[in-house]
Amino acid sequence: MVMTDHYCRSIVRKLQGVAQLVLLTPHTPVTTAVEAVLPGLALLPHRVTVHGMDLGPLVTAEVPDLMVVDTTADLVIGHATLRALAALELGCPVLAVLDDTGLGLVDPQWPAADVVSSAASPSEVAARVRLLLGRPRAATGPIGVADVLVDEESWTVRAGGVPLDLTFKEFELLRYLVQHPGRVVTRDVLLDEVWGLDYYGGTRTVDVHIRRLRAKLGPEREPLIGTIRGVGYRFDGPRRTER
């Protein structure tokens, strides 16, 4: 059996029992960033990737299990980063790291799933991370891009008001794309999000399902799912939310 990159990555994550975390921080060098920003995080078994405060690289990267944002160096920039992350709607929880000054300014409007003190004990950090990783996604109402509407509660899709007859995987694939309009999503990310970590096939199945989706959407909507050569796909169009 040919071992694909996706399959190998999935097996390693299952065996290690680790989650993928991303830390956004201006701290340099990156090799010491985790220990400097949130020492308790460095003691956890999870894999932490460090990025600067620029969100650009996150647009095409695999969505992590948890995003950690450092606001201790500059509270204004940190808060702006949190707001930008909320606008991206990546679908993962966000943990904000604050110092004592920042903690005194937190209110219910802060765009983060939780906050933690940079001086928090390892046990507190572990508990907060564990709770965030285990938190189910909030239920959402129907969402749509252009005239394509996906209703998660009724598991239906309408294009121009006309119901589409989709398979389960076609529905899951279209739902993920519609949830991230304008964002380039790699084939590996789609495999992880739609087929799951247990799937050991190749990315060819993504291409096949995309082709079927385009056919069911019809020729007038086929351009909504754009192909980014060598990378993946992007669903284009104005987003709208139905209530």
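**Entry 1. Terms and basis**

I take buried to mean under 20% relative accessible area, exposed over 50%, and partly exposed in between, with a 1.4 Å probe and protein chains only. I am working with a predicted model, in which local features need pLDDT of at least 70, side-chain atom pairs count only at pLDDT 80 or more, and totals for chains, interfaces and linings use all residues. Residues are numbered from 1 along each chain as its sequence is written, and side-chain values use heavy atoms, with hydrogens and water left out. Helices (H or I, at least four residues) and strands (E, at least two) are DSSP runs, numbered from the N terminus.

**Entry 2. The five-stranded sheet**

I looked up the strand order and found an open sheet of five strands, β2-β1-β3-β4-β5, with parallel pairing. Two strands pair if DSSP finds at least two bridges between them. β2 (47-51) and β5 (114-117) stand at the edges with a single partner strand each, so one side of each has no neighbour in the sheet. I note that the twist averages 25° from one strand to the next. Axes here are lines fitted to C-alpha atoms, for helices over the stretch in contact, and angles run from 0 to 180 degrees between N-to-C directions.

I then followed β3 (residues 66-70), which is mostly covered, with five of its five residues buried. Leu-66, Val-68 and Asp-70 point one way from the strand, whereas Met-67 and Val-69 point the other way.

Strand β1 (residues 20-24) runs parallel to β3 and is joined to it by four bridges; within this pairing Leu-23 stands opposite Val-68. Strand β4 (residues 94-98) also pairs with β3 in the parallel sense over four bridges, and here Met-67 stands opposite Val-94. From β3 the chain crosses through helix α4 (residues 75-88) to β4, and this β-α-β crossover is right-handed. I use right-handed for a path from the first strand over the helix to the second that runs clockwise when the strands point away from the viewer.

β4 is in turn joined to β5 by four bridges, the two running parallel, and Val-97 stands opposite Val-116 in β5.

**Entry 3. Helices against the sheet**

For contact I require heavy atoms within 4.5 Å. Helix α4 lies across β1, β3 and β4, at about 155° to β3. Helix α6 (residues 122-134) lies across β3, β4 and β5, at about 170° to β5.

**Entry 4. Rings around Trp-155**

I counted rings of Phe, Tyr and Trp (its six-membered ring) as pairs if their centres lie within 6.5 Å; planes under 30 degrees apart count as stacked, over 60 as edge-to-face and the rest as tilted. By this rule there are two aromatic pairs. Trp-155 and Phe-168 are stacked, because their ring centres are 5.7 Å apart and their planes are at 25°. Trp-155 lies in the loop between β7 (148-151) and β8 (156-159) and Phe-168 in helix α7 (residues 168-179), so this pair ties together parts 13 residues apart in sequence. Phe-171, in helix α7, is 16 residues from Trp-155. The ring pairs link Trp-155, Phe-168 and Phe-171 into a cluster.

Trp-155 has a positive phi of about 55° although it is not a glycine. Ala-146 likewise has a positive phi of about 55° without being a glycine; this residue lies in the loop between β6 (143-145) and β7. I also recorded a cis peptide bond from Thr-28 to Pro-29, with omega near -5°. Pro-29 is in the loop between β1 and α2 (33-37).

Gly-237 sits in the loop between β12 (232-235) and β13 (239-241) and is partly exposed at 35% relative accessibility. Leaving aside residues up to four places away in sequence, Gly-237 touches Val-145, Ala-146 and Pro-181.

**Entry 5. Helices α8 and α9**

Helix α8 (residues 187-195) packs against helix α9 (residues 204-217) at an angle of about 80°, with the axes 9 Å apart. I therefore class the two as roughly perpendicular; angles of 65 to 115 degrees fall in that class, those under 35 are roughly parallel, those over 145 roughly antiparallel, and the rest oblique. Arg-187, Leu-190, Leu-191 and Trp-195 of α8 make the contact with Thr-205, Val-206, Asp-207 and His-209 of α9.
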